[in-house]
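This report is for a reader who is meeting the structure for the first time. Please look over the sequence and the 3D view before reading on.

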Amino acid sequence: MHWFEKSVFYEVYMKSFCDGNQDGVGDFIGLKERLPYLRKLGVDGLWLTPFYPSMQVDNGYDVSDYKAIDPLYGTIDDFRDFMKEAKQNEMKIIIDIVFNHTAINHKWFKEHPEYYVWKTKPNNWESFFGGSAFTFHAKQNAYYYHSFAKEQVDLNWGNPDVMAEAKQILRFWLEEGVDGFRFDVINNLTVDKAFPDNPFDQKGEMIHQYDRNQRGVKAIIAELSGFCRANKEDVFLVGEISSDNLDEIASYSENHLLDVTFNFNLGSIENLHVKEIFDELVRMEEALSDRMPTLFFGSHDMGRLMSRLALQNRMVAKLLAFLMLTARGIPFIYNGEEVGMRNQIFQSIDEFRDVQGIQAYELARAQGLSEKEALKIGTEKTRDVGRGPLVFADRKPFSKGKPWILGRVETATDATDMFQFYSRLLKFRKDADFQTRPYEKLVLEGETIQFIRGRYLFVANFGETDFLVKEAGVVVFGEAKQNGNDCTIGPLCGVVIDLEA
Ligand SMILES: [Ca+2]
Ligand SMILES: [Ca+2]
């Protein structure tokens with residue numbers, strides 16, 4: 001058993017979490033100040049989004065130096081102070097590692113062009129942000145490959161020197177005391193070196209057939225994982241896999257390659273359909289029966305759970321949290337969910353920060369759409385909606401300075417109530433100690449998802465009417481009308497029943 005199999009993680013979006021020096025950007029001083037808050041919430045570990053020096057074209061996912069702290073977030077001493085305090089608070093820390101690409105201003109790009117992917121003539125590959133994935137570079141008289149923005153240059157993992165550099169970086173942070181890594185788009189490290197054109201689907205969207213999940217990528221991941229584990233036995237390795245094929249996603253945690261992978265088929269569903277959620281839980285069991293799945297309904301790459309799925313209904317938001325924190329898997333709470341934060345609202349393009357939203361807006365304008373229409377399209381695409389500054393339950397502001405991201409963040413009403421719900425549930429989870437138990441039953445009855453783990457029956461009633469559970473046991477979490485061993489669970493309520501009480 002690994003420590004992380006029982007853990008609940010919390011994603012900290014560095015820029016928006018807590019601003020210690022009041023310049024409007026979150027930082028390590030602020031994060032350190034908020035450790036007691038996170039402890040009170042009851043999470044076991046934090047995933048920190050990239051805090052390295054960066055061009056900030058993609059909010060830190062364009063790294064200019066892997067072994068330093070961007071002054072935006074403080075100094076290496078601030079980081080060390082934070083880490084020390086985190087250890088004292090028994091909080092595990094995993095950090096984001098972006099090995100698919102570097103920022104174009106990374107010194108390697110100038111000093112080691114052989115670390116990158118070059119081509120004399122582009123093929124049809126599109127970047128994941130839109131437009132060609134190739135940009136001409138006069139000095140090399142060739143095109144460099146970038147699967148995201150043109151400032152994010154893809155590394156050539158066919159070059160063993162890149163692996164050697166990567167190991168140095170991993171070693172550096174392990175020595176700084178981090179407990180694990182979240183590897184960004186880790187299945188994108190290799191491409192088909194023959195560069196065949198990618199096909200398109202029926203909607204005219206590119207199928208990324210030859211630029212991800214290519215030969216050699218698993219051997220590279222195995223080497224990276226092996227290196228991490230040799231240096232820290234109980235390191236936690238999380239993979240972000242850009243794929244919507246669950247078997248493919250799951251294959252990256254097969255044979256102990258990575259510990260877990262993110263499944264966006266569940267995590268980023270757009271609409272709440274209980275059958276869809278249930279079916280995905282079943283599929284996850286089939287694909288990952290011998291490993292831990294991950295569970296999340298929000299991240300910095302999507303709209304917030306409260307707006308996207310719960311449509312501002314707090315009962316639904318709580319019920320989704322209930323499911324995420326009791327189903328089998330390692331949950332990742334996205335910062336702000338614990339206070340019911342909603343999507344950030346934007347009035348003008350000047351308030352956008354996300355390259356994906358800005359590019360969609362500019363494309364729409366270039367196609368002749370009005371400012372208003374383009375803003376609507378940009379708002380649909382921008383990941384900024386989930387990146388608003390934290391609204392804490394204790395009402396202390398995220399910052400007294402002008403926030404790095406503008407737009408309007410709705411004051412969370414009843415933030416305290418939501419926070420208490422999360423902390424009560426997390427405490428129950430820990431005390432009841434069912435985290436590693438398998439499902440003995442996993443069923444959908446009408447609109448109610450039910451599962452048994454250990455001595456507990458978990459019932460999540462997504463329906464609009466009461467749900468009666470007969471002759472089961474005693475309710476130990478959540479509200480229900482108990483009558484002997486029967487209990488009646490209200491609409492949109494989640495309840496745990498002790499079958500042995
Ligand atoms: Ca700051
Ligand atoms: Ca790549």
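## Calcium site

A donor is an N, O or S atom within 2.8 Å of the metal, or within 3.2 Å for Na, K and Ca; water is not among the atoms, so sites may look incomplete. The calcium ion (ligand 1) is coordinated at 2.2 to 2.3 Å by Asp19 (OD), Asn21 (OD1), Asp23 (OD), Val25 (O) and Asp27 (OD). Along the sequence, its donor residues follow the spacing D-x1-N-x1-D-x1-V-x1-D.

Two of the residues at this site can be described by their accessibility (buried means under 20% relative accessible area, exposed over 50%, partly exposed in between, with a 1.4 Å probe and protein chains only). Asparagine 21 has a relative accessible area of 45% and is partly exposed. Aspartate 27 is buried, at 4%.

## Basis of the model

This is a predicted model, in which local features need pLDDT of at least 70 and side-chain atom pairs count only at pLDDT 80 or more, while totals for chains, interfaces and linings use all residues. Residues are numbered from 1 along each chain as its sequence is written, chains are lettered from A and ligands numbered from 1 in the order in which they are written, and side-chain values use heavy atoms, with hydrogens and water left out.

## Domains

The protein chain is divided into domain 1 (3-102 + 163-342 + 411-432) and domain 2 (441-498); these bounds come from an automatic or database domain assignment. The centres of domain 1 and domain 2, taken over C-alpha atoms, are separated by 30 Å. Contact, meaning heavy atoms within 4.5 Å, links 23 residues of domain 1 with 21 residues of domain 2.

## Two helices

Helices (H or I, at least four residues) and strands (E, at least two) are DSSP runs, numbered from the N terminus. Helix H7 spans residues 217-231 and contains isoleucine 220. Isoleucine 220 counts as buried, with 9% relative accessibility. Leaving aside residues up to four places away in sequence, isoleucine 220 touches Trp157, Met163, Leu189 and Thr190. Between isoleucine 220 and histidine 2 there are 218 residues in sequence and 23 Å in space, C-alpha to C-alpha.

Helix H13 (residues 355-366) has 12 residues and reaches 16 Å from its first C-alpha to its last. That is close to the expected 16 Å, where the expected span is 1.5 Å times one less than the number of residues. In H13, Val355, Gly357, Ala360, Tyr361 and Ala364 are buried, and helix H14 (371-381) is included in what covers the buried residues of H13. After H13 comes glycine 368, with a positive phi near 95°.

## Two open sheets

Two strands pair if DSSP finds at least two bridges between them. One open sheet has 3 strands in the order S5-S7-S6, with antiparallel pairing. Its edge strands, S5 (118-119) and S6 (134-137), each pair on one side only. S6 is joined to strand S7 (residues 142-145) by 4 bridges, and they run antiparallel. Phenylalanine 134 stands opposite tyrosine 145 in S7.

Another open sheet of 3 strands has the order S17-S20-S19, also with antiparallel pairing. Strand S17 (467-469) and strand S19 (480-483) are at the edges with a single partner strand each, so one side of each lacks a neighbour in the sheet. S19 pairs with strand S20 (residues 486-489) over 4 bridges in the antiparallel sense. Alanine 480 has isoleucine 489 in S20 as its bridge partner.
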